[in-house]
Amino acid sequence: MYQMEQSVTHGNIVDIFAKDNKVAITDPVYPVYLDTNVMSGRSGKYNPNEQTYENIVYLPVIAENNFKPELPKEKVDMIYLCFPNNPTGTVLTKEDLKKWVDYAKENNSIILYDAAYEAFITEENIPHSIYEVEGAKEVAIEFKSYSKTAGFTGVRCAYVVVPKVLKGYTEKGEEASLNKLWNRRTCTKFNGVSYIVQRAAEATYSENGRKQIQENIKYYLENAKIIKQGLEESGFTTYGGVNSPYVWLKVPEGMTSWKFFDKLLEEANVVGTPGSGFGPHGEGYFRLTAFGTKENTIEAIDRIKQWKK
């Protein structure tokens, strides 16, 4: 079923879950996961000192754990995973994902798996879909996006996979088909993506469409390589940029991500995204994107190199 863009789909999917469901979210991560659950009333009170919500279970994705989130120490109902990860650009192996599938089975949890950047995967042992893990259809909903794969960001088109074998459970333990719930919710509240956009999405699967997409992805991955190598030559510690269009860098000691943003903008005239914007564990990091022209990418890295001299 075609949906509006991925951020909208993530916002809509929470409608089929109970308000008192316990939610676990990797952090740092795409802000929409958290924001939609805040709007839906699941988050509880906000703690401004820690920049966290009382009812949200945060799963750190940081250098100290090799950007691989640990399983929750408590039972949760909904688990958000995004790999290749936005913003860190890091990935999980099939073995890593199996641990999450096993956890979800043991706890009747639902994994909400964002695979928006799977087309950028270059390494052979990295799964493109959570359904490559045996049993995942019983516990996972997967989101796919044309925005990152085919440049549809402004056109707005994505899709979500809700397997028919996937079940939710009532407070009394009764089974409910999440596929049917999602279909009912979507047919009631959404009239569908316009026909012309659907035909454009269809065209991405043609021989020429696939070829053009691969050329674009290769182009952006080359940009990511330029960014990553240039930053490392300038003395920065970087992550991602191999299976993702994003490069995640460690900001200099004693500097917040927003302070680094200000200095980079004012002194090098380069714009990026402060890590703290992706959650409390994003503090101390900074995201640069490969979604630009090669000429601008080279220019930006040259400016950073001159700035760091």
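## Terms and model

Buried means under 20% relative accessible area, exposed means over 50%, and partly exposed lies in between (1.4 Å probe, protein chains only). A salt bridge is a side-chain nitrogen of Lys or Arg within 4 Å of a carboxyl oxygen of Asp or Glu.

This is a predicted model, where local features need pLDDT of at least 70, side-chain atom pairs count only at pLDDT 80 or more, and totals for chains, interfaces and linings use all residues. Residues are numbered from 1 along each chain as its sequence is written, and side-chain values use heavy atoms, with hydrogens and water left out.

## Salt bridges in the model

The model has 13 salt bridges by this rule. Some of them follow.

Lys75 pairs with Asp77, N to O at 3.2 Å. Lys75 is partly exposed, at 45% relative accessibility. Asp77 is partly exposed too, with 22%.

Lys144 and Glu142 also form a salt bridge, at 3.4 Å from N to O. Both of these residues, Lys144 and Glu142, are buried.

## A link between two helices

Lys305 forms a salt bridge with Glu233, and their closest N and O atoms are 2.7 Å apart. Lys305 sits in helix α9 (residues 294–308) and Glu233 in helix α7 (residues 207–233), so the pair ties together parts 72 residues apart in sequence. Helices here are DSSP runs (H or I, at least four residues), numbered from the N terminus.

Glu233 is exposed, with a relative accessible area of 58%. Lys305 is partly exposed, at 28%.

## A network

Salt bridges also link Asp15, Arg185 and Lys189 in a network.
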